[in-house]
Amino acid sequence: MSLFLLQFIPDIGFGAMRVFMALLMVFWALVSLEGVISHGVQPLSRIAIHKTVFAIDNDAYIKASPSILGINEQNKEWVTLKYENPRPSNDDWIGVFSPSNFSSSTCLPENPRVGSPFLCTAPIKYQFANYTSPKYKHTGKGSLRFQLINQRSDFSFGLFSGGVLNPKFVALSNTIAFANPNAPVYPRLAQGKTWNEMTVTWTSGYDISEAEPFVEWGPKGEKQKRSPAVTLTFDRNSMCGAPARTVGWRDPGFIHTGFLKELWPNSVYTYKLGHKLFNGSYIWTRTYKFKASPYPGQNSLQRVVIFGDMGKDEYDGSNEYNNFQRGSLNTTKQLIDDLKNIDIVFHIGDICYANGYVSQWDQFTSQIEPIASSVPYMIASGNHERDWPGTGSFYGNMDSGGECGVLAETMFFVPAENRDKFWYSTDYGMFHFCIADTEQDWREGTEQYKFIEHCLASVDRQKQPWLIFLAHRVLGYSSDYSYAIEGSFAEPMGRELQKLWQKYKVDIAMFGHVHNYERTCPVYQNICTNKEKNFYKGSLNGTIHVAAGGGGASLSEFTTIKPNWSIYRDFDYGFVKLTAFDHSNLLFEYKKSRDGKVYDSFRISRDYRDILACTIDSCPSMTLAS
């Protein structure tokens, strides 16, 4: 140990010395790493942890309470911090660490997208010491509240002075933990591979060598049965690069999925998650409920919510990795408040913007639990889940932060044949959905192109008149500024699918990726095929394109020129709701996340013969023979 570091060691007790030495191993590794350029979206990357020096002060302290969380089996709880620093400043800050002992392993930077902090177990979030204590600079005393969720490990808090550029480690808190950190948490429903199957996925700290996972379920008020669950996990070597392999790595625990089969259409079922320990005892969640999907073609009220790019945010106001999803909590709140009027949700890519910081997936699944535990929560793959150079993604950027699809494919179930190929179809009553994966090649001649055509061609429009195409990147029409400067007003090459949408008479093609809302006229080859704007009767003669990427991530501007096919544009957060009243009548609504009110809408009213009617490029040649 160098004399330089020895001078920072105060006269502390043996227990504190052990913590100090463990931390010292971390920071000794950190100071040996070279700095690299950050991509600028992670507030914690501004913290120069590699410059941290030890300035532990016996007169400074930080204490967290309560020390035991989740006594009543809750999976999130508020923690209060009390702290004091004899030499306070407005730059002092507090970091949340989990596991509490900080990893002492070293992680070398692997690419230019990784900036400081070079912590092998990254801080989950941080907040300035004066955030709720405006007199902190004068008194040196303060208090702060963090909301913690059960993430399979304990927590500690570090008090730092010197600001984010020259941090000095001043004090370490006591350790706090949930009563059962391994408890099953955050159930998320999804449609199975058949219309009468529902899947439920959850996370726990129990490996199958410790406990047997299962779902206890059945019709509401009737006898319940048990179905076994499968278990998946992954390790650091499953990640494709940094920060997921290095500073962002955190043990994901175990992800379990149960399959609930042969459901009666529209019936209400209850379920709870269980783990049978090998000592014969059981660990249970509370009881949840859901409504089974309608039979394909069933004539009943059916309500679908669609959005992209929501991400996550923190109720405690803390600054955390990728904390730029300012509208995320509003969108989440609106869906929870209106849950009784929602049957299924589609989140079409850019799920939580973890970008390689694995702990953020727990934060996201906790945030959406009230929704995903009650209705199917279907996802699509976006650039922030999949893209990584040399891994088969269509785009060679680093937007996934080294996750290369592993987190999305494991944390959520989708009824794909191969979850690495994240395209699939699913039915919900009178709706047929074709979900594409824009992060893998969709062009003509590819495997995905063949899937898309088969998905569109195989639907029986007499039974399922509402044909919806969903994908992350805009493969259709958008006047977002980023697409306008490319001169394409869409993803380059994206419109190769136009002839399929037109041939199979897709009603609506909906996309995320651009963080705003836009609706087009029914359009084909840049030409509006229907002059109506709000009430369509009969054949559309084209496809209505919608950008619905305003779920929560920071908004993106439109071009100043509004194309003739663009009907409505909104620079705000929001989501789309589709309501099928019957086989002939569909209501489309765009709602803002701030208040849940409708700001754009249209209706479609038609008969089956209107779907059959020919328009340009939509019907094969006819014989003139009688």
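Strand S16 and strand S17 (residues 282–284) pair in the antiparallel sense over 3 bridges. Two strands are taken to pair if DSSP finds at least two bridges between them. Strands (E, at least two residues) and helices (H or I, at least four) are DSSP runs, numbered from the N terminus. The model is a predicted one: local features need pLDDT of at least 70, side-chain atom pairs count only at pLDDT 80 or more, and totals for chains, interfaces and linings use all residues. Residues are numbered from 1 along each chain as its sequence is written, and side-chain values use heavy atoms, with hydrogens and water left out.

With strand S18 (residues 288–291), S16 pairs in the antiparallel sense over 4 bridges. Here tyrosine 269 has phenylalanine 290 of S18 as its bridge partner. With strand S13 (residues 211–219), S16 pairs over 9 bridges, again in the antiparallel sense. Glutamate 212 is bridged to lysine 276 in S16. Buried means under 20% relative accessible area, exposed over 50%, and partly exposed in between (1.4 Å probe, protein chains only).

A separate description applies to an open sheet of 7 strands, in the order S22-S21-S19-S32-S33-S34-S29, with mixed pairing. Its edge strands are S22 (377–380) and S29 (535–537), each of which pairs on one side only. Neighbouring strands of this sheet are turned by 15° against each other on average, direction ignored. Such angles run from 0 to 180 degrees between N-to-C directions, and the axes are lines fitted to C-alpha atoms, for helices over the stretch in contact. Strands S19 (residues 302–307) and S32 (residues 574–580) pair in the antiparallel sense over 5 bridges. Glutamine 302 stands opposite alanine 580 in S32. Helix H4 (residues 328–337) lies across S19, S32 and strand S33 (585–592). H4 runs at about 25° to S32.

Backbone geometry was examined next. A cis peptide bond joins serine 65 and proline 66, with omega of about -5°. Proline 66 is found in the loop between strand S2 (61–65) and strand S3 (68–69). The peptide bond from serine 98 to proline 99 is also cis, with omega near 0°. Proline 99 lies in the loop between strand S5 (93–97) and strand S6 (125–128).

Positive phi values occur in residues other than glycine. Tyrosine 186 has a phi of about 60°. This tyrosine 186 sits in strand S11 (residues 185–191) and is buried, with a relative accessible area of 1%. Phi of glutamine 525 is near 55°. Glutamine 525 lies in the loop between strand S27 (517–524) and strand S28 (527–528). Glutamine 525 is partly exposed, at a relative accessible area of 43%.

The chain averages a pLDDT of 88, and 87% of the residues score at least 70. pLDDT is the predictor's confidence in each residue, from 0 to 100. Over residues 1–45 the pLDDT is below 50. Beyond near neighbours in sequence, this stretch has 84 contacts in the model, a contact being heavy atoms within 4.5 Å. Residues 115–119 also have pLDDT below 50, with 29 contacts beyond near neighbours in sequence. Where pLDDT is low, the predicted coordinates should not be read in detail.
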